[in-house]
Amino acid sequence: MRELEYARPAARAAAHRSRPVIALEDVSKVYGQGEAEVRALDGVGLSIGRGEFVAIVGASGSGKSTMMNIIGCLDAPTGGKYLMDGIATGELDEFQLAQIRNRKIGFVFQSFNLIPRTRAVDNVAMPLAYRKVGRRERHALALEALDAVGLSARAGHLPSQLSGGQQQRVAIARALVGEPVLLLADEPTGALDTRSSHEILDLFDALHARGRTIVMITHEPEVAARAQRVVRMQDGRIVEDSAPSGGSA
């Protein structure tokens, strides 16, 4: 990282574009000891480049949720190495990991995780408050993010005044407002009806077309098929990594 800091701007930009957003190297996650030991991840290697749309799929217990937690810097591997946008996360303390989560990763959850009595625009602006961005700038950037997901007309609405699909759009706007390098979505259509699910996946397609890097965790094959690339997990290992026939690649 020190070499990049002192490189010329053009060289620094080229290195930034070429390095993977996610690089897992022989990553393991072990819970318990002895007979009670569970290997949730078992020597996983995975590289995801800038601008890819990847679905990580698998049955319950396959390791996909553990993978998501490590990719999102919510948990640390027992063994191996994880680089997020070129940064070795194993060398960071809790404060630095929190900065990575706030500045480099935009999270989208199945249950939306919106603050109930707070307007859509203020929900979207929340991550910027932790960066100490000024109130006026936060508001302007939040409106831009809502416009990007087609929901600027609902900026003043409370979550209870929005449909499930609209609430998820607010959550996506919140994930995007800080211009993260990675959009990490955990079962983003799990709480939605069929029509709303298709609308959210269409939005992901549009964001991917604009160059966003998206990793989506799902157990639904038809949802995974919308991705450019599918990584299938079983018993803590990657058993398949390929572009689906119905994907956008």
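This is a predicted model: local features need pLDDT of at least 70, side-chain atom pairs count only at pLDDT 80 or more; totals for chains, interfaces and linings use all residues.
**View 1. Phe 204 and its contacts from elsewhere in the chain.** Skip the residues up to four places away in sequence, and what does Phe 204 touch? The list runs Phe 53, Ile 172, Leu 183, Ala 185, Pro 188, Ile 214 and Met 216.

**View 2. H7 against H8.** The two axes come within 9 Å and cross at roughly 25°. That angle is under the 35 degree cut-off, so H7 and H8 count as roughly parallel to each other. H7 passes H8 in a right-handed crossing. On the H7 side, the contact uses Gly 165, Gln 168, Arg 169, Ile 172 and Leu 176. H8 answers with Ser 196, Glu 199, Ile 200, Leu 203, Phe 204 and Leu 207. Sort the residues of this contact by type and you get six nonpolar, three polar and two charged.

**View 3. H5 against H7.** Here the axes sit 7 Å apart, and the packing angle is about 30°. H5 and H7 are therefore roughly parallel to each other, and their crossing is right-handed. Ala 120, Asn 123, Val 124 and Pro 127 of H5 meet Val 170, Ala 173 and Arg 174 of H7. By type, the residues of this contact split into five nonpolar, one polar and one charged.

**View 4. H5 against H6.** How far apart are the axes of H5 and H6, and at what angle do the helices pack? The axes are 8 Å apart and the angle is about 120°. H5 and H6 are therefore oblique to each other. H5 passes H6 in a right-handed crossing. H5 brings Ala 120, Val 121, Val 124, Ala 125, Leu 128 and Ala 129 to the contact. From H6 come Arg 138, His 139, Leu 141, Ala 142, Leu 143, Ala 145 and Leu 146. The tally for this contact is 11 nonpolar, one polar and one charged.

**View 5. The buried residues of H5, and what follows the helix.** Ala 120, Val 121, Asn 123, Val 124, Ala 125, Pro 127 and Leu 128 are buried in H5. The buried residues of H5 pack against helix H4 (94-104), H6 and H7. After H5 comes Lys 132, whose phi is positive, near 65°.

**View 6. Glu 144 in helix H6.** Is Glu 144 buried or exposed? Its relative accessible area is 54%, and the cut-off for exposed is over 50%, so Glu 144 is exposed. Pro 188 lies 44 residues away from Glu 144 along the chain, and the C-alpha atoms of the two are separated by 22 Å.

Terms used. Residues are numbered from 1 along each chain as its sequence is written. Side-chain values use heavy atoms; hydrogens and water are left out. Contact means heavy atoms within 4.5 Å. Axes are lines fitted to C-alpha atoms, for helices over the stretch in contact, and angles run from 0 to 180 degrees between N-to-C directions. Helices (H or I, at least four residues) and strands (E, at least two) are DSSP runs, numbered from the N terminus. Angles under 35 degrees count as roughly parallel, over 145 as roughly antiparallel, 65 to 115 as roughly perpendicular and the rest as oblique. A crossing is left-handed if the near helix is turned anticlockwise from the far one by less than a right angle, and right-handed if clockwise. Ala, Val, Leu, Ile, Met, Phe, Trp, Tyr, Cys and Pro count as nonpolar, Asp, Glu, Lys and Arg as charged, and the others, Gly among them, as polar. Buried means under 20% relative accessible area, exposed over 50%, partly exposed in between (1.4 Å probe, protein chains only).
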